[in-house]
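Visitor: Could you walk me through how to read a few features of a protein model?
Guide: Gladly; let us look together.

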Amino acid sequence: MITHSVYTEEPWCLRESGLDLGVLAQSESLFALSNGHLGWRGNLDEGEPHGLPGSYLNGVYESRPLPYAEAGYGYPEAGQTVIDVTNGKLIRLLVDDQPFDVRYGQLVAHERVLDFRTGLLTRTVQWVSPGGRGVRVHSQRLVSLTQRSVAAIYYEVEALDEVRVVLQSELMANEALPTSDDDPRQAAELRAPLLSEQYACAGTGGSLLHHTALSGLRVGAGMEHDVYGPATASPSQVRSSLEQADSVSIAAASEPDLARVTVTATLRPGQRLRLIKYVAYGWSAVRSQPAVADQIAAALTVARQSGWPGLVAEQRDYLDEFWAGADVVLDGDPRVQQAVRFSLFHLLQAGARAEGRAIPAKGLTGPGYDGHAFWDTESFALQVLTYTAPQAAGDALRWRHSILPQARDRAAQLGLAGAVFPWRTIAGHECSGYWPAGTAAFHVGADIADAVVRYLNVTGDTSFERDIGLELLAETARLWCSLGHYDAQRGFRIDGVTGPDEYSAVADNNVYTNLMAQHNLLSAADAAGRHPDRARHLGIDAEEAAAWRAAARSMVIPYDHDLGVHPQAEGFTSHEMWDFAATTDEHYPLLLHAPYFDLYRKQVVKQADLVLAMHLRGEAFTPAQKARNFCYYEALTVRDSSLSACTQAVLAAETGHLELAYDYLTEAALMDLHNLELNTRDGLHVASLAGTWIALVAGLGGLRDRDGILAFTPRLPAGITRLVFTLCVRARRLSVEITPRTTTYRLREGDPLRLLHDGTALTLTAAAPVTRPVHEPGDGREPTHGAPTQPHGRAPARQRPPR
């Protein structure tokens with residue numbers, strides 16, 4: 001009996017040998033498939049046992065009240081929670097009337113493989129029933145990257161003894177979910193959120209149509225099947241063979257929350273029964289029952305016309321194109337090599353076909369954080385997608401543009417101009433009931449603006465800038481002019497805000513917020529100048545653009561001259577130090593063991609804040625300041641957030657601490673694969689997945705955007721012998737190959753490209769690569785400020801590449 005799981009280190013797949021039911025929920029997240037619109041967790045085909053069942057449609061949620069012990073003006077009244085929609089993955093197997101269940105009988109072999117090149121999840125099982133009858137099950141599933149509403153399953157059972165097998169292929173709504181624990185980061189529980197409208201099942205197909213009670217969304221799912229019995233020679237003979245075969249029969253049944261197609265066959269040893277299941281989904285807030293049903297029927301027709309081989313070929317072609325412009329090759333550490341491709345694959349899945357919807361913090365891999373999108377979409381996920389899948393990045397920003405009406409309404413409610421984007425949301429409304437870490441985190445607007453500027457610099461998409469980007473930049477710039485004010489010294493202050501560090505709140509002049517707002521203001525003024533007609537249409541005149549520039553020039557950036565560092569926010573370095581020596585491992589994460597009022601008044605940092613400012617707005621700091629700041633904040637940062645390690649890796653590399661950068665890189669890379677935060681069961685951490693790429697490309701590769709010109713300062717830690725990555729830049733593909741001694745730049749196609757290597761300009765053409773030396777740490781180019789130290793017990797695990 002196999003009772004444990006082992007994930008092997010392979011460059012192009014995640015392979016699980018064995019099955020450990022104790023970590024089943026974690027593996028369901030790791031093996032999840034999605035396309036940004038539709039997501040299926042990696043649950044077992046038969047549905048049970050499960051850790052956390054899940055099927056998700058991006059944007060489908062149910063509303064719930066947000067109760068408060070004491071009411072307050074401007075508090076959001078309703079929250080939004082992602083719901084588990086109709087499960088189309090289910091294929092139950094009975095062997096001589098005994099259900100296939102890995103908890104019973106003998107599990108002789110069990111393997112699952114997620115292939116990053118094909119996009120297929122493959123499962124191979126050998127099982128002996130309690131009655132002593134053996135079968136071998138082979139299944140594959142995909143969520144189509146080309147047919148947005150479609151998923152499909154190839155399911156084949158082979159008899160090892162003479163057996164009667166029954167396959168029950170189902171659509172199930174309102175499946176039972178396990179209860180969550182007391183971690184406030186868990187999703188809210190919603191029982192039976194779908195109300196039945198229509199159900200049908202006949203022949204080889206079935207459908208269910210439901211609606212949500214409060215959010216008013218209509219959700220439907222349909223299925224069709226191709227069945228190949230033991231007498232079937234080819235797909236074209238399916239129907240005639242089934243009509244002639246006495247050993248195969250099909251039946252259909254349905255009820256409000258269940259549609260089932262049942263296939264029965266008697267198999268001799270070596271004979272196989274094969275089922276191809278096509279599943280399609282549709283949902284809408286406005287379309288009628290017939291319209292949603294017709295959408296599903298059309299998607300099923302196209303999928304079935306493509307057939308399983310066609311869907312597989314389309315998936316491979318799509319992924320071949322993606323990897324040609326996104327792959328990262330790392331020689332020296334097979335763990336990180338596997339992890340970065342795992343991360344890129346799941347990042348693509350999170351956003352590839354979102355098309356007008358958000359990229360949630362957990363993607364569509366689980367219900368964590370209630371399925372909400374946060375600022376880390378723009379600050380982390382879009383850093384990667386802009387260079388690797390720019391269409392997906394543009395679509396994510398178009399979603400932000402689509403929720404501008406709600407953001408303007410929220411600003412007006414708060415007495416502010418412009419747009420106040422929500423801290424957390426699904427449909428655009430603020431869903432955070434805790435205003436110090438929600439509403440007060442106004443930096444989300446500047447994070448969106450930063451992502452817009454990055455997208456424009458990388459793609460050169462002037463129509464996007466005119467139609468989408470300028471309005472986002474202008475409305476967020478208006479917010480800053482409304483939120484901030486000039487002090488007696490004519491400094492522009494932004495008071496009472498919360499930065500990225502959630503262990504500080506409602507602070508004055510948070511450096512990250514002020515620098516990002518400064519960039520936002522200048523970028524808005526520049527974009528308005530490039531598109532004067534569109535600017536006039538948006539009501540931007542010369543006086544307003546001048547006011548944006550003036551506020552940016554006068555922005556207050558606090559500095560502690562006594563300590564020689566930037567305080568995270570004004571007065572932060574005067575706060576009492578947290579007693580790290582008295583804080584044991586059992587007290588982390590601090591948010592679950594310490595009151596927020598105590599965290600807020602002490603020097604303790606949950607996640608990179610000032611350090612993130614040095615990454616994203618690095619031009620505002622001197623090299624010496626970066627070195628001192630990095631060391632100071634290393635001693636305060638406890639990394640109670642999955643967002644932190646990758647940023648610390650970037651600044652560790654920039655300030656010459658390459659071994660520490662490697663440690664943080666590995667932590668970010670293994671965050672979900674090794675379940676370091678102990679909550680991978682609720683879904684993958686999309687920002688940390690992005691962090692693996694960020695730590696490699698921005699960290700070891702030294703990638704920075706210098707006003708639209710790519711700049712690289714490459715360096716590799718001991719043990720990493722080669723790093724190669726590809727970037728999509730203005731319809732070109734740029735390959736960068738770094739070794740301990742040289743960096744080679746190759747332009748695969750397109751017009752010449754100007755870039756910076758170690759601060760020196762070079763022009764690259766497709767005709768010939770350019771190779772430049774890599775400077776070694778300690779050659780005098782990097783500032784020195786001693787070795788950074790971390791809080792007691794919070795140093796990253798020291799990493800050495802396997803020999």
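Guide: This is a predicted model, and we will take a sheet, some salt bridges and a helix in turn.

Visitor: Let us begin with the sheet. In which order do its four strands lie?
Guide: The general idea comes first: strands of a sheet pair through backbone hydrogen bonds, either parallel or antiparallel. Here the sheet is open, its strands follow the order E26-E27-E31-E32, and the pairing is mixed. Strand E26 (704-706) and strand E32 (760-764) are at the edges; each has a single partner strand, so one side of each has no neighbour in the sheet. From one strand to the next, the twist averages 35°.

Visitor: How many bridges join E26 to strand E27, and in which sense do the two run?
Guide: Three bridges join E26 to E27 (residues 709-712), and the two run antiparallel.

Visitor: Now to charges. How many salt bridges does the structure hold?
Guide: The structure holds 57 salt bridges. One of them joins the side chains of Arg 304 and Glu 224, at 3.0 Å from N to O. This pair links distant parts of the chain, 80 residues apart: Arg 304 is in helix H3 (residues 289-326) and Glu 224 in strand E17 (residues 218-228). Arg 304 has a relative accessible area of 23%, so Arg 304 is partly exposed.

Visitor: What about a pair between strands: where do Arg 722 and Glu 737 lie?
Guide: Arg 722 is in strand E28 (residues 722-729) and Glu 737 in strand E29 (residues 732-738), 15 residues apart. The side chains of Arg 722 and Glu 737 form a salt bridge of 3.2 Å, N to O. The burial cut-off is under 20% relative accessible area, so Glu 737 at 19% counts as buried. Arg 722, at 27%, counts as partly exposed.

Visitor: Which residues do salt bridges with shared partners join into one network?
Guide: That network is made of Arg 408, Glu 471, Glu 475, Arg 478, Arg 534 and Glu 544.

Visitor: Finally, the helix. What span should the 12 residues of H17 have?
Guide: An α-helix has 3.6 residues a turn, so residues three or four places apart point the same way. At 1.5 Å a residue, helix H17 (residues 658-669) should span 16 Å, and its end C-alpha atoms are 16 Å apart, which agrees.

Visitor: How many of its 12 residues are buried, and what covers them?
Guide: H17 is mostly covered, with 11 of its 12 residues buried; among them are Leu 658, Tyr 662, Asp 663 and Glu 667. The cover includes helix H4 (334-351), helix H15 (623-634), helix H16 (644-654) and helix H18 (686-700).

How values were computed: Residues numbered from 1 in each chain as written. Predicted model: local features only at pLDDT ≥ 70, side-chain atom pairs only at ≥ 80, totals over all residues. Heavy atoms only, no water. Pairing = 2+ DSSP bridges. Axes fitted to C-alpha atoms, helices over the stretch in contact; angles between N-to-C directions. Salt bridge = Lys/Arg side-chain N within 4 Å of Asp/Glu carboxyl O. Buried < 20%, exposed > 50% of the residue type's maximum accessible area, 1.4 Å probe, protein only. Expected span 1.5 Å × (residues − 1). Contact = heavy atoms within 4.5 Å.
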